[in-house]
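Please consider the following explanation alongside the sequence and the coordinates.

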Amino acid sequence: MIQLHLLAVLMGCLLDFCFGDPRWLWHPVCGIGNLISKLENALRGRFSKGEKGERLAGRWLVFFVLVITGAIAALLLTGAYLISPYLWFAMESLICYQMMAWRALRSESMKVLTAFKNGDVEEARTAVSMIVGRDTESLSEEGIAKATIETVAENASDGVIAPLLSMIFFGGIGICLYKAVNTMDSMIGYKNDRYLWFGRTAARLDDVCNYIPSRISAGLMMAAGYLCQLFSRQTINGAKPYNGNMGVKIFKRDRFHHKSPNSAQTESVCAGVLQIELAGNAYYFGKLYEKPTIGDPIRPVEYEDIRRANDLMTVTYLLALAPVVILLFLVA
């Protein structure tokens with residue numbers, strides 16, 4: 001069983017690495033998103049407005065989403081195992097494939113780089129608006145590039161390493177529950193008038209679930225920074241665009257420069273390794289939010305840094321997969 005489980009992890013990651021999310025294939029995260037929307041509409045009508053009622057409604061939403069998601073995953077995997085362990089393996093592989101987001105994150109962020117290379121700033125603005133939560137209408141070219149890099153750095157943990165760790169340690173049910181928590185946070189975890197109280201439980205739960213994975217991701221990314229520096233042949237003004245020592249330095253200094261206890265963990269490493277400044281003030285839903293900067297502006301941000309951030313994320317991902325390969329070899 002352990003061998004089949006590890007093989008399912010690798011197979012799911014390999015499928016995501018090669019194919020990403022086909023447009024024609026129904027995605028379970030879409031199902032989770034629809035469930036959250038329907039439950040929100042139903043629960044808001046059953047509880048009073050105001051802090052107490054909205055908090056209670058939000059807690060029930062989290063409970064129902066987790067129970068329903070976990071139950072469906074458990075039924076699918078248990079039913080598959082009762083038919084055949086190999087069908088269970090195929091089901092676990094499929095779940096892992098659909099829940100991992102490395103290919104989607106790289107593909108969507110690289111669309112911004114492609115638009116910049118084509119000289120189409122408005123297309124780059126449109127592309128970045130698909131992957132960030134902030135307002136993008138007034139972003140400069142550098143702002144668009146920075147927003148893309150920040151998304152890649154943050155989601156290296158949320159969308160890649162954390163789901164992978166959930167899959168490794170808790171199987172198909174674990175990764176489904178993690179994605180349910182992550183989806184709830186992305187949909188209702190905002191601190192605006194609509195979700196300040198309703199989404200508080202979802203946001204807190206997401207912080208708890210990502211506390212350890214974000215720090216593991218940061219550690220892996222620091223190691224990836226040294227590897228990228230070692231093997232990179234690129235130079236900017238005579239120096240390599242990656243600096244492992246700066247990644248460690250900025251991580252130690254800026255890893256808590258965010259309202260979330262987790263978001264700046266990998267973002268600080270990425271900013272340090274690339275020797276650029278990220279974060280700072282941003283508009284969300286038309287309102288300016290003042291945020292501290294992360295990193296030092298050793299050199300200006302350029303659109304090629306989008307590719308470098310993706311390469312850093314990919315090496316981080318491969319480092320996370322290495323123990324799975326080694327353990328599978330030992331088990332075999």
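A residue is called buried when its relative accessible area is under 20%, exposed when that area is over 50%, and partly exposed in between. Cys-30 has a relative accessible area of 46% and is therefore partly exposed. The model discussed here is a predicted one.

A disulfide is a covalent bond between the sulfur atoms of two cysteines. For a pair to be counted here, the two sulfur atoms must lie within 2.5 Å. By this rule the model contains 0 disulfides. Cys-30 takes part in no disulfide, since the nearest cysteine sulfur, which belongs to Cys-176, is 14 Å away. Cys-270 is likewise in no disulfide, and the nearest cysteine sulfur to Cys-270, that of Cys-228, is 9.9 Å away. Cys-270 has a relative accessibility of 2%, so this residue counts as buried.

The charged side chains come next. Side chains of opposite charge can pair when their charged atoms come close. In this analysis, a side-chain nitrogen of Lys or Arg must lie within 4 Å of a carboxyl oxygen of Asp or Glu. How many salt bridges does a search of the whole structure find? The search finds 13 salt bridges.

One of these joins the side chains of Arg-44 and Glu-40, with an N to O distance of 3.0 Å. Both residues belong to helix 2, which covers residues 28-44. Arg-44 and Glu-40 are 4 residues apart, about one turn of the helix. Are the two partners buried or partly exposed? Glu-40 is buried because its relative accessible area is 5%, whereas Arg-44, at 24% relative accessibility, counts as partly exposed.

Helix 5, residues 102-117, holds another such pair, formed by Glu-108 and Lys-111. The closest N and O atoms of this pair are 3.0 Å apart. The spacing between Glu-108 and Lys-111 is 3 residues, again about one turn of the helix. Lys-111 has a relative accessibility of 38% and so counts as partly exposed.

Helix 5 also contains Lys-117, which forms a salt bridge with Glu-304; the closest N and O atoms are 3.3 Å apart. This pair links distant parts of the chain, as Glu-304 lies in helix 11 (residues 304-331) and the two residues are 187 residues apart. Lys-117 is partly exposed because its relative accessible area is 45%. Salt bridges that share partners also join Arg-299, Glu-302, Asp-305 and Arg-308 into one network.

Some charged residues instead belong to a surface patch. Lys-191 is located in the loop between helix 7 (141-188) and helix 8 (200-231). Its relative accessibility is 55%, so Lys-191 counts as exposed.

The surface also bears a nonpolar patch, made of Leu-56, Trp-60, Phe-63, Phe-64, Val-67, Ile-68, Ile-72 and Leu-76. Together these residues have about 680 Å² of accessible area. Phe-63, one of them, is placed in helix 3, which spans residues 51-83. With a relative accessible area of 44%, Phe-63 is partly exposed.

Glu-92 is situated in helix 4 (residues 85-99) and counts as buried because its relative accessibility is 3%. Glu-92 and Gly-225 are 133 residues apart in sequence and 32 Å apart in space, C-alpha to C-alpha.

Two backbone positions complete the account. Asn-237 has a phi near 55°, a positive value in a residue other than glycine. Asn-237 is placed in the loop between helix 8 and helix 9 (244-254), and with 82% relative accessibility Asn-237 counts as exposed. Ala-279 also has a positive phi, near 65°, and is likewise a residue other than glycine. The place of Ala-279 is strand 1, residues 278-279. Is Ala-279 buried or exposed? Its relative accessible area is 12%, so Ala-279 is buried.

Notes:
Residues are numbered from 1 along each chain as its sequence is written. This is a predicted model: local features need pLDDT of at least 70, side-chain atom pairs count only at pLDDT 80 or more; totals for chains, interfaces and linings use all residues. Side-chain values use heavy atoms; hydrogens and water are left out. Patches are made of residues with over 30% relative accessible area and no salt bridge: like charges are joined within 9 Å, nonpolar side chains (Val, Leu, Ile, Met, Phe, Trp, Tyr) within 5 Å. Accessible areas come from the Shrake-Rupley method with a 1.4 Å probe; for residues, only the protein chains shown count as cover. Buried means under 20% relative accessible area, exposed over 50%, partly exposed in between (1.4 Å probe, protein chains only).
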